[in-house]
Amino acid sequence: MCQKIAETLSVAGYCTIGLTVPTGLFRDKVTSLRQVFLDNGLEVVLRVDLGSRSRDELLRSLRRFRPSYDVIAVKCLSEHVARVACRDRRVDLVFFDLENPRIRFNHALANLIRGSIEVNLVSAILHSLKRSVYGAISKTFLIAQEHNVKVVLSSGSDKPEEIRSPIQIAALATTLGLLQRTAHDAVASTPMSIVAENGERHSRDYIEEGVRVVLSRAR
Amino acid sequence: MSRLPRRYLLVRIVSEQAVSEEQFSDAFMSAVRMNFGEIGFARIDPKLVRFDAGRLLAVVACKASTVSELEAAVALISGYSGVAAATLVLRVSGTIKGLRARLAKQRRS
């Protein structure tokens with residue numbers, strides 16, 4: 001399955017992928033998974049999806065997993081967790097269950113958000129039989145554009161049949177109300193800038209946000 | 001009378017099973033019709049230009065101003081005759097010759 005996914009992603013024209021791995025997975029298993037994608041010419045960025053139910057659980061998970069993953073995404077299961085996730089600078093992406101009408105991305109969260117909002121476009125549309133998903137996605141795009149929140153688009157696929165090319169994902173978002181330029185950024189430059197920023201955070205010269213060592217150690 | 005500019009899309013089907021031209025054409029046309037309606041269908045004016053059943057490649061065309069709509073419609077094809085498959089848009093060009101050049105380049109690499 002993994003090999004097939006890697007081949008399809010390569011055909012679709014991707015160069016870097018965000019691989020979501022379970023938090024308890026052994027390191028050698030992660031290495032072998034990464035190798036499958038590398039063999040198909042794909043760069044791999046490790047990401048974890050945190051689905052915490054309370055503020056304390058989320059903060060504990062962030063403390064524990066932030067250093068070992070390239071990208072941290074939080075699935076917002078409640079309004080309270082969503083507020084904490086949006087405010088915390090360790091969180092790169094927040095995403096919502098588009099079929100759940102109780103918790104949606106709103107103006108209050110858009111004012112708080114420090115990272116980006118992620119929309120798993122293809123899986124949401126293909127899995128859902130409800131047409132209200134289209135409305136939820138359009139509204140998310142509208143709010144994000146109004147508050148200048150960065151948007152990341154992904155297929156959210158775990159099967160080769162659900163993979164779509166970046167051109168198609170951007171087109172789907174454009175059709176649902178995202179500006180064409182924002183849609184292109186959402187599949188290309190925005191995710192890459194998150195990866196680059198986190199790469200810098202993991203470097204030895206990084207002290208904290210805005211502070212880093214500029215003189216070489218030899219001097 | 002001058003012709004309206006068109007765009008040609010190179011489409012690749014990723015499927016475990018063989019897909020015939022008829023199956024692709026049915027799924028393609030109904031995806032456009034289902035998602036954009038009859039008026040949208042007329043506006044997009046989709047056409048299946050070529051189909052290669054061996055390599056599972058197709059060239060489809062639409063009006064230049066509606067490329068995004070056609071790309072989105074192709075993304076929403078979930079399978080052929082009940083079998084799940086991915087349908088990927090690999091390239092958009094203003095001429096079929098441009099798509100052919102891209103295919104030749106892909107084959108060389």
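Two strands pair if DSSP finds at least two bridges between them. Strands themselves are DSSP runs (E, at least two residues), and helices are runs too (H or I, at least four), numbered from the N terminus.

A word on the source. This is a predicted model: local features need pLDDT of at least 70, side-chain atom pairs count only at pLDDT 80 or more, and totals for chains, interfaces and linings use all residues. Residues are numbered from 1 along each chain as its sequence is written, and chains are lettered from A in the order in which they are written.

Now chain A. It has 10 helices and eight strands. Six strands form an open sheet, ordered β1-β2-β3-β4-β5-β6, with parallel pairing. Which strands stand at the edges? They are β1 (16-20) and β6 (150-154) of chain A. Each has a single partner strand, so one side of each is left without a neighbour in the sheet.

Look inside the sheet. β3 (71-76) and β4 (93-96) of chain A pair in the parallel sense over four bridges. C76(A) has F96(A) in β4(A) as its bridge partner. Helix α4 (79-87) of chain A packs on the sheet and touches β3 and β4 of chain A. The direction of α4 makes about 155° with that of β3(A); axes are lines fitted to C-alpha atoms, for helices over the stretch in contact, and angles run from 0 to 180 degrees between N-to-C directions.

Last, the contact with chain B. Residues touch when their C-beta atoms, placed from the backbone, lie within 7 Å. Chain A gives 19 residues and chain B gives 17. On the chain A side, α8(A) gives the most, with six residues.

Conventions. Two residues are in contact if their C-beta atoms, placed from the backbone, lie within 7 Å.
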